Amino acid sequence: MLSFEQALEKLLAAAQAVEEIRSLPITAAAGRILAVSQQSTVAVPPLDNSAMDGYAVRVADITAAGVCLPVSQRIPAGTVGTTLQPGTAARIFTGAPVPAGADAVIMQERCEHGENGVVINHVPRDGENIRRAGEDISVGAEILKAGIKLRPQEIALAASAGLPELPVYRRVRVGVFFTGDELVQPGEPLPPGAIYNSNRYALRALLEGMGCEVRDLGAVADTLEATRDALRRAAADNDLVLTSGGVSVGEEDHVKPAVEAEGSLNMWKIAIKPGKPLAFGEIRKRDGNTDGKAWFLGLPGNPVAAFVTFMTMVRPFIQRLQGAASVSPRILNLPCASVWGRADGARLEFLRASLNAQGAVELYKNQGSAVVTSLCWSDGLVLNPPGNTIAVGDTVRFVSFAELLS
């Protein structure tokens, strides 16, 4: 079996960003991956401007508090004043350009009205309360790097530089289907021996949360022929085929031989718990015109195993397909408030855990791979090395679901 690190390295080495790039209005670009780095064609701010409502002055005119200066002009935001004459002040408002000749702005709370103008009750320093032209962004500066996910703050930065559109990679297309004759859909009667299909809804939500276009082929019968047909249909117009169930070694597990018949299997069985039978390969597209391929990832059928392997292996693979430059989540070293004595000697364990009020990690009592309630209780996962036991106070490696779902 490959280690987790070896398997992830192999996945990321294979993944390449989709080729198609689309230019979107910045109002529609949030959550997408930027395809081309962006430079600013303007300075931000474009002119020296006031950081306060107050009075623009010459520092040389105010040698002591209490000086009274006549007000020579009024400068609201969006207008440009005239050169400030020596011995005068200009009434100015936040964001308004500082007039030529002025070298400080006195906030209005430090001023008062006098008989012949404004009384300045503060001795300013040069540049006080002035935002300099280009102090945020200079002309030609790179403001956004290719490969970043565009958050609201990046959209704000693009807008401040006057960019109406941004080039982004198109959405990754993922075809999904689920194997298991025992699966029924929520809302349907539950026959003896059947279970509700939670993976279908969890994986769809995870994929849609990542911004993927999801094509759901539904449940597939537990036969080799049905599985091969589903693989062909899913591969036809998608970048990735994602399945859940049928990747183990039982007589009713048909995904592995179906993938080998319709393409190739490049990786199977990872030294992780839960999620050992994760499979990776490719499916040939058969449209008669191209010899293309769709990537294939087969997840275990147990719901926790499917969720964990998606978070830790499928997610970074899709991010790389999306064009993301960084796919590694932040891992924190935190104290543990629980005991873990059932270490697996061969596999890296992903233990469901939450953070208590003191910032220490607590482990869920039942780490079974079918215990969905543990995912709702937890704040994230502890990455526990093979053969490692945990005592109260030990430092553990923790990655939060907030980080993995961002």
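Let me begin with a definition: a charge is taken to sit over a ring if NZ of Lys or CZ of Arg is within 6 Å of the ring centre and within 35 degrees of the ring normal. With that in mind, and remembering that what we have on the screen is a predicted model, please look at Arg91, which lies over the face of Tyr55 at 5.1 Å from the ring centre. There is another such arrangement at Trp268, where Lys256 lies over the face of the ring, 4.7 Å from its centre.

From charges over rings I would like to move to rings against rings. A pair of aromatic rings is described by the distance of the centres and the angle of the planes. How many aromatic pairs does the structure hold? There are six, and one of them joins Phe4 to Phe350, with the ring centres 5.4 Å apart and the planes at 75°, which is over the 60 degrees needed, so we call the pair edge-to-face. Because Phe4 belongs to helix α1, residues 4-14, while Phe350 belongs to strand β24, residues 348-355, this pair ties together parts that are 346 residues apart in sequence. Are these two residues buried or exposed? Phe4 has a relative accessibility of 11% and therefore counts as buried, and Phe350, at 1%, counts as buried too.

An aromatic pair is also formed by Phe307 and Phe401, again edge-to-face, with 5.7 Å from centre to centre and 85° between the planes. Here Phe307 sits in helix α6, residues 303-322, and Phe401 in helix α8, residues 401-404, so that parts 94 residues apart in sequence are tied together. Both Phe307 and Phe401 are buried. Finally on this topic, ring pairs link Phe280, Trp295 and Phe317 into a cluster.

Let me turn now to how the helices pack, staying with α6 for a moment. Two packed helices are described by the angle between their axes and the distance between the axes. The axes of α1 and α6 come within 9 Å of each other and cross at roughly 25°, which means that α1 is roughly parallel to α6. On the α1 side the contact is made by Phe4, Ala7, Leu8, Leu11 and Leu12, and on the α6 side by Thr312, Met313, Pro316, Phe317 and Arg320.

The crossing of α4 and α5 is right-handed.

My last stop is Pro99, in the loop between β7 and β8. Pro99 counts as buried because its relative accessible area is 4%, and among the residues it touches are Ala56, Ile75, Leu84 and Ile92.

Methods. Residues numbered from 1 in each chain as written. Predicted model: local features only at pLDDT ≥ 70, side-chain atom pairs only at ≥ 80, totals over all residues. Heavy atoms only, no water. Phe/Tyr/Trp six-rings, centres within 6.5 Å; stacked < 30°, edge-to-face > 60°. Helix = DSSP H or I, 4+ residues; strand = E, 2+ residues; numbered from the N terminus. Buried < 20%, exposed > 50% of the residue type's maximum accessible area, 1.4 Å probe, protein only. Axes fitted to C-alpha atoms, helices over the stretch in contact; angles between N-to-C directions. Parallel < 35°, antiparallel > 145°, perpendicular 65-115°, else oblique. Contact = heavy atoms within 4.5 Å. Left-handed = near helix turned anticlockwise from the far one by under 90°. Lists of a residue's contacts leave out its neighbours within four places in sequence.
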